[in-house]
Amino acid sequence: MSNTVIIGAQWGDEGKGKIVDYLTESADVVVRSQGGNNAGHTVINQGTKYVLHLIPSGILWPGKICVIGNGVVVDPAGIIEEMETLRGQGISITPENLLISSKAHLTTSYHRALDRAKEALRGQGKIGTTGRGIGPTYADKVDRVGLRAGDLLNLDRVEEKIAHRLAQANEQIEKAGLEAIRLQDVLSTLRESAQQLVPHLCDTVPFLHEQIANDAKLLFEGAQGTYLDIDHGTYPFVTSSNTTAAGACTGSGVPPHAIDRVVGVAKAYTTRVGEGPFTTENDTLSDYLHGLGREFGATTGRARRCGWLDAVLLRYAVMINGIDELAVTNLDGLDEIEEIQLCTHYELRGQQLTTPPPSIEDWQECTPVYETIKGWKQDTTRAKSAEDLPSEALAYLKILEARTGVRISSIGVGPARDQTIPL
């Protein structure tokens, strides 16, 4: 396996954590390059469920090195809680197998409070954030008033800076009717966190370049998905970072020419969390999937919005990311569906669209045009190879390849590590 980027080709929650876990066996280093603990990856191995938010999925494999890059925003208390949970499940986490970039920005309690305050003040125009403080942390980064992980080495040096930023934040927090954040509480949390996190801090760029020079195989783990990208997603209903393939480079310090392969991950249907356009959303399919106990967020527990697979989205994701192959997950979610709908294009005021419109207002008005495909009405969860899949399921995948122009390299038929079928 060469240096590979794993990217969500929809609105996130595509099952990237499982695909990263599956490909980690052939990797040496697993890199997280953007997002924060608003992401959630769930991996099931030998009956044990692991939920990861900031730590790369590669931590579940002995002998692998995990890197949290400069493009990630790190909640110190959140990552420590995650480390303790994983250790309680028998996972080894040390400064040798988990490196955190000293340039990564820190999310504090006032960022989380600001996130909730801004959503409250938006009223009907709310975005549907997770309330984890991700947007305000990135905003501070761009405004050049943020804290970086390296500041944990000397908090006294930045105490005045924190006090000044907190005073500004509290004005907005109190305006929304929320309780102001105390400076000493912020500093106390950071000091406690520093004791556990400082041993993991370093400049991760030289480390990654050394690994590349030594022919190590790097796997870049994306968070969220293409249509939550701050530039290319359903703006303003997006996250605050570049969730597309290029973000793997800016968020890690690895140059573009070092990337050899981009794998896009897509469900066999479509889901999203939060507000914004969703052309193929279908209440009947949503109710069906929720009734199976599926499609609830790993981070928030919120029920996801569900709809039919959208080839318009996937084709555009292939363009933006340079996707070389698709990993299709959750095929088993369609096992009991008699007729499956695949959106081939949109209609907008009498025009056919094969890519999403640039205007969010126009996107909201688009209607889907479907191709009806016969379902297979069989259990696929026990399949171990393509030969075990029903012919109708294989036909569905062939049509998907034709509609997107990209080959499918693996199929997911369940949440467990061994429920991935390579093609």
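These entries record what I looked up on cavities and salt bridges in a predicted model.

**Entry 1: cavities**

I noted a volume of about 50 Å³ for the largest cavity.

I then listed the lining of the largest cavity, which comprises 14 residues. Nearest its centre lie Ile7, Ser33, Gly222, Thr244 and Ala248. S1 supplies the largest share, three residues.

I also sorted the lining by residue class: six residues are nonpolar, seven are polar and one is charged.

**Entry 2: salt bridges, count and network**

I counted 22 salt bridges in the model. As background, I note that side chains of opposite charge can pair when their charged atoms come close. I recorded one network of salt bridges that links Asp13, Lys267, Glu295 and Arg304.

**Entry 3: Asp185 and Arg182**

I looked up the salt bridge between Asp185 and Arg182, and found the closest N and O atoms 2.7 Å apart. Are the two partners buried or exposed? Asp185 has a relative accessible area of 38% and is therefore partly exposed. Arg182 reaches 52% relative accessibility, so Arg182 counts as exposed.

**Entry 4: Glu336 and Lys377**

I examined the salt bridge between the side chains of Glu336 and Lys377, with an N to O distance of 3.9 Å. The cut-off for a salt bridge is within 4 Å, so I kept this pair in the record. Glu336 lies in the loop between strand S15 (325-329) and strand S16 (339-348), while Lys377 lies in the loop between strand S18 (367-374) and helix H12 (391-404). The pair therefore ties together parts that are 41 residues apart in sequence.

I checked accessibility for both partners. Glu336, at 45% relative accessibility, counts as partly exposed, and Lys377, at 43%, also counts as partly exposed.

**Entry 5: Arg349 and Asp362**

I looked up the salt bridge that Arg349 forms with Asp362 and recorded 3.0 Å between the closest N and O atoms. Where do the two residues lie? Arg349 is in the loop between S16 and strand S17 (351-353), and Asp362 is in helix H11 (residues 360-365). This pair therefore ties together parts that are 13 residues apart in sequence. I found Arg349 to be exposed, with a relative accessible area of 58%.

How values were computed. Residues numbered from 1 in each chain as written. Predicted model: local features only at pLDDT ≥ 70, side-chain atom pairs only at ≥ 80, totals over all residues. Heavy atoms only, no water. 1 Å grid on protein atoms, 1.4 Å probe; cavity = no way out; pocket = protein on both sides within 12 Å on 5 of 7 lines; lining within 4 Å. Points joined across faces, edges and corners; volume = space filled by probe spheres on them. Helix = DSSP H or I, 4+ residues; strand = E, 2+ residues; numbered from the N terminus. Nonpolar A, V, L, I, M, F, W, Y, C, P; charged D, E, K, R; others polar. Buried < 20%, exposed > 50% of the residue type's maximum accessible area, 1.4 Å probe, protein only.
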